[in-house]
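Thanks, everyone, for making time today.

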Amino acid sequence: MGLRGTWLLLLEKGPSQFQFWLIALFIGIAAGFAALFFRRGISLLQETLYGVEDVRMLHSFAESLPWWVILIIPVCGGLVVGLILHKFTPDGRVRSVADVIEGAALAEGRVEQRAGLASAAASLITLGSGGSSGREGPVVHLAAVISSRVSDWIKADGITGRDLLGCAVAAAVSASFNAPIAGAIFALEVVLRHFAVHAFAPIVIASAAGTVINRLEFGDVTEFMLGSDGMLQFYVELPAFLILGLLSGLVAVLFMRGTFFAEDLGNVLQRRFSIPRWARPAFAGLMLGGMAIYFPHIIGVGYETTSAALTGELLLWEAVVFAILKAIAAAVTIAGRMGGGVFSPSLMIGAITGLAFGLVATSIFPDVSGSETLYALAGMGAVAAAVLGAPISTTLIVFELTGDWQTGLAVMVAVSMSTAISSKLVDRSFFLTQLERRNIHLAAGPQAYLLSMFRVGRVMRPMTHEAAAPEQRLLTLIEQGIFTDRNATLESALPIFERTGLDFVPVVQLSPSGGPPALEGALFHVDALKAYNRALAATAAEEHS
């Protein structure tokens with residue numbers, strides 16, 4: 001048949017299982033290289049702007065720089081970010097993991113490609129110029145852009161598109177953290193939000209490919225190095241980790257709500273003072289630069305401070321102050337629409353919170369306590385799990401980041417408690433709460449968001465239908481103000497049936513000039529319910545296949 005014939009067959013019929021696995025491998029490699037280049041790009045930009053030789057020691061090096069250098073770099077970075085987003089996105093907003101989750105649920109596994117590339121560039125500049133956020137969220141969305149492009153090329157249906165999206169996300173997370181197991185589980189737990197068997201094999205293939213890319217560049221090393229005395233004192237110490245989990249859940253909630261409050265405040269100030277949207281990231285950069293003059297620990301991803309917490313190199317007052325400042329700095333960065341993710345900030349805040357708790361706990365009960373660094377490890381996982389809404393994959397990421405599998409019980413206990421309390425106080429996670437704030441209801445499950453996927457115009461019966469509603473009856477209802485727009489969704493149309501008790505409602509085309517609505521047909525209650533039931537059945541079939 002030849003390569004051309006195979007490609008045409010692939011476009012026409014869709015991929016077979018073997019072909020699909022090859023595509024998953026290709027996406028895993030591409031996403032792995034995207035994560036690698038993104039990470040290297042941040043390092044190169046930090047080396048150029050700050051003049052540091054080892055970017056992992058950026059915070060320590062920044063203490064020796066003139067104050068005006070620390071101040072001006074984030075401002076210039078924010079200005080460039082603002083111009084990029086203003087030019088290439090319709091709303092000046094950076095795309096992130098929340099948009100990937102939305103694409104998986106509502107857009108057949110696709111995300112915005114033009115805005116996604118612009119967001120990746122903006123996040124790279126943000127992190128390279130001192131923005132206090134994480135690199136994992138932008139990499140996940142960049143990988144989703146790759147899978148969306150491939151899905152468009154092969155004309156993938158919704159199930160295939162979502163599976164390819166999961167492959168890209170798994171590879172991106174694996175390549176970012178050198179964590180193949182966690183990468184695969186993260187894609188299933190957070191993005192696809194199910195553990196269907198048919199998706200598992202290709203996602204694992206892609207995740208392994210992303211990890212290989214990482215290890216070819218950096219070797220088989222863990223991201224953080226722990227001290228050698230982090231052993232759990234058997235069961236006596238477990239109640240302390242339960243308390244740490246509760247504290248971590250509250251810290252995660254405060255961080256998330258603080259970020260959303262900062263975003264709302266930024267929106268109010270932007271409207272009140274008529275600040276151009278392209279200038280908003282520059283003002284955020286000014287605030288970050290001012291903070292960094294006195295506390296350079298907030299600059300960038302923050303792995304140096306996280307490592308210091310995991311090895312117990314911080315004092316109690318330092319841990320408390322750094323946790324508060326990092327939360328504020330991350331909120332300013334994200335609310336200022338500079339770009340970046342919340343994963344790395346939540347790891348840093350969690351590690352510092354855990355260390356502070358451990359310092360207090362081990363001083364009160366020194367005879368039955370292990371090392372305070374074990375509390376830092378558990379706190380890191382607990383806060384991150386609560387923020388991401390991903391207890392399983394976050395627990396695995398903590399293990400793979402540190403290479404310490406002996407303290408798993410303590411981490412699992414803390415993670416379970418933190419996610420239990422945080423999920424009651426926010427909409428499951430930072431990402432799902434972001435979507436809920438945009439009136440995209442994914443947190444409650446398919447039964448809550450499937451109705452928003454159907455336009456009335458797709459389900460209605462036109463006037464030419466053989467079982468159309470009586471025209472005179474429809475015109476009478478329109479005069480009474482009972483009708484729905486053909487571009488409305490079933491989510492907004494179904495309450496009309498509940499309110500009126502009618503079997504059908506008129507569907508109209510609204511006039512842009514304010515004229516009377518034009519009758520298009522009727523939406524029958526039974527037709528809307530049938531469409532909803534078919535969508536629920538298809539979703540259940542996909543999740544259990």
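This is a predicted model: local features need pLDDT of at least 70, side-chain atom pairs count only at pLDDT 80 or more; totals for chains, interfaces and linings use all residues.

How many disulfides are there, if a disulfide is taken as a pair of cysteine sulfur atoms within 2.5 Å? By this rule the count is zero. For those new to the word, a disulfide is a covalent bond between the sulfur atoms of two cysteines. As for individual cysteines, Cys167 counts as buried because its relative accessibility is 0%, whereas Cys76, at 43%, counts as partly exposed; here buried means under 20% relative accessible area, exposed means over 50%, and partly exposed is in between, using a 1.4 Å probe and protein chains only.

Residues are numbered from 1 along each chain as its sequence is written, and side-chain values use heavy atoms, with hydrogens and water left out.

Let me turn to the aromatic rings. A search of the whole structure gives eight aromatic pairs, where rings of Phe, Tyr and Trp (its six-membered ring) pair if their centres lie within 6.5 Å, and planes under 30 degrees apart count as stacked, over 60 as edge-to-face and the rest as tilted. One of these is the stacked pair of Phe186 and Phe343, with 6.5 Å centre to centre and 25° between the planes. Phe186 lies in helix α9 (residues 180–192) and Phe343 in helix α15 (residues 343–364), so this pair ties together parts that are 157 residues apart in sequence; helices (H or I, at least four residues) and strands (E, at least two) are DSSP runs, numbered from the N terminus.

Another stacked pair is formed by Phe260 and Phe430, at 5.0 Å centre to centre with 10° between the planes. Phe260 is in helix α11 (residues 238–272) and Phe430 in helix α19 (residues 430–437), 170 residues apart. Phe260 counts as buried because its relative accessibility is 6%, and Phe430 is buried too, with a relative accessible area of 2%.

Finally, the strands. Four of them form an open sheet with mixed pairing, in the order β1-β4-β3-β2, where two strands pair if DSSP finds at least two bridges between them. The edge strands, each pairing on one side only, are β1 (461–462) and β2 (484–485).

Definitions and conventions
A disulfide is a pair of cysteine sulfur atoms within 2.5 Å.
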